[in-house]
Structures are given as structure tokens and as C-alpha cells.
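Please read them with the sequence and the coordinates open.

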Amino acid sequence: MTASGDAARDKRLAKIGTAVFAAAPATAAGLLPWVVTRWKVNQPVPGGLPAQCAGVLLIGAGAAVITNSFARFALEGLGTPAPFAPPKNLVVSGFYQFVRNPIYVGIGAAITGQGLLLGQPKLFGLAALGAIPVVAFVRLYEEPTLARRFGAEYEDYRANVPRWLPRLTPWRQQG
């Protein structure tokens, strides 16, 4: 197969893998909140309409960040966020210019938004509880793996882009 044929195959496999792996955030940000709340709106919603509007914005922003970040893994990274099909290239564009873990941040935003929209504070607890294994995974597996795989390129990225709280300006890779 030619180099361009290999690249096309890699992109196709990355797209398929990304679509399959998308079940994880869909479960975390969709199925689990549904199991906890059955989408029941507590009446009256604490904070009223302003809280619900903020919730809708957080849900939409979280979904957009997750979708865009997954697409970048497939199209630019030529892989997936999943450990079994890692990217060939370090992804540092899009939302990754602002925060190193936009998918996890997007999931947290979506769950928090659902808590506001539905007036269900227990979803804030779900988001906080879910953060514990995510932080452990990122610190104990993901970051050391990326450092080994991408070396100085990842170290430069890690030194300039925060893990959880986004930068105000996009980081641009030098070179």
C-alpha cells in the first residue's frame, strides 16, 4: 500500500475508533445522569430560570468541546483518546490549545449543566465523584504515557497548557 493509502487507512480507522470510544463520554455525561435523575426537574428549580439557562449553556458548551476534541484525535492525531488506539501525533490544536484535558472538562461541564437545568444538586456530586478516577487516570497513566510517547514535544506542551483550568489565550506550538 502507498504512503497516501496508509494515511487514508489510518484516518478511516481513527474515525471508526473514535466513534466507538465516544460511548465513554456519552455514558458519563448522558446515561449516568439519567440513571440518577430520570431527567426529573425538581420544582422549583434552585436559582430559577437563570440557573437553567446557565445549565443549557454548560451542556451545549460541554457537548461542543467533547465533539470537537474527539474529531481532532481522529483527523489530526490519527488515533483515538482510548489507550488501545492512541494517536500517532500529539494533538495540541483546537481546545487543546487552552487546556490539556478538554474532553474531561467538557464532561464535567455537561453534568454540572444538567444539575443546573434540572435543579438536581446530586448531579454536582456525581461530577465531583467522577473526577476522582479521572484525576487518578490522568496523573498515573495518561501523562506518563504521553511523556514517554512524545518526549520533549509533550513536555513543552505540558509546561505551557494547564491540566484542568483553561488558559485565557491559545498556546501556539513553536517550530
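This is a predicted model: local features need pLDDT of at least 70, side-chain atom pairs count only at pLDDT 80 or more; totals for chains, interfaces and linings use all residues.

1. Residues are numbered from 1 along each chain as its sequence is written, and side-chain values use heavy atoms, with hydrogens and water left out.

2. Helix 4 (residues 102–118) and helix 5 (residues 122–160) pack with their axes 9 Å apart and at an angle of about 175°, which makes helix 4 roughly antiparallel to helix 5. Helices here are DSSP runs (H or I, at least four residues), numbered from the N terminus. Axes are lines fitted to C-alpha atoms, for helices over the stretch in contact, and angles run from 0 to 180 degrees between N-to-C directions; angles over 145 degrees count as roughly antiparallel.

3. On the side of helix 4 the contact (heavy atoms within 4.5 Å) involves Y104, I111, T112, Q114, G115, L116 and L118, and helix 5 contributes L123, F124, L126, A127, V134, F137, V138 and E142. By class, this contact of helix 4 with helix 5 has eleven nonpolar, three polar and one charged residues, where Ala, Val, Leu, Ile, Met, Phe, Trp, Tyr, Cys and Pro count as nonpolar, Asp, Glu, Lys and Arg as charged, and the others, Gly among them, as polar.

4. The structure holds five salt bridges, a salt bridge being a side-chain nitrogen of Lys or Arg within 4 Å of a carboxyl oxygen of Asp or Glu. In one of them E143 pairs with R100, the closest N and O atoms being 2.7 Å apart; E143 lies in helix 5 and R100 in the loop between helix 3 and helix 4, so the pair ties together parts that are 43 residues apart in sequence. E143 is buried, with a relative accessible area of 4%, and R100 is buried at 10% (buried means under 20% relative accessible area, exposed over 50%, and partly exposed in between, with a 1.4 Å probe and protein chains only).

5. Within helix 5, E155 and R158 lie three residues apart, about one turn of the helix, and their side chains meet in a salt bridge of 3.2 Å, N to O. E155 is partly exposed at 33% relative accessibility, and R158 is partly exposed at 30%. A network of salt bridges links R100, E143, E155, R158 and R163.

6. Where does T37 sit, and which residues does T37 touch? T37 is found in helix 2 and is buried, with a relative accessible area of 5%; not counting residues up to four places away in sequence, T37 touches L118, Q120 and L123. A polar atom of the T37 side chain lies 3.0 Å from the backbone nitrogen of W39.

7. Some backbone details deserve a check by eye. W39, in the loop between helix 2 and helix 3, has a positive phi of about 60° although it is not a glycine, and L78, in the loop between helix 3 and helix 4, has a positive phi of about 55° although it is not a glycine. The peptide bond from Q43 to P44 is cis, with omega near -10°. P44 is exposed, with a relative accessible area of 69%.

Note on methods. Helices (H or I, at least four residues) and strands (E, at least two) are DSSP runs, numbered from the N terminus. Angles under 35 degrees count as roughly parallel, over 145 as roughly antiparallel, 65 to 115 as roughly perpendicular and the rest as oblique. A polar contact is a pair of N or O atoms within 3.5 Å; within protein, one must be able to donate a hydrogen and the other to accept it, and residues adjacent in sequence count only if both atoms are side-chain atoms.
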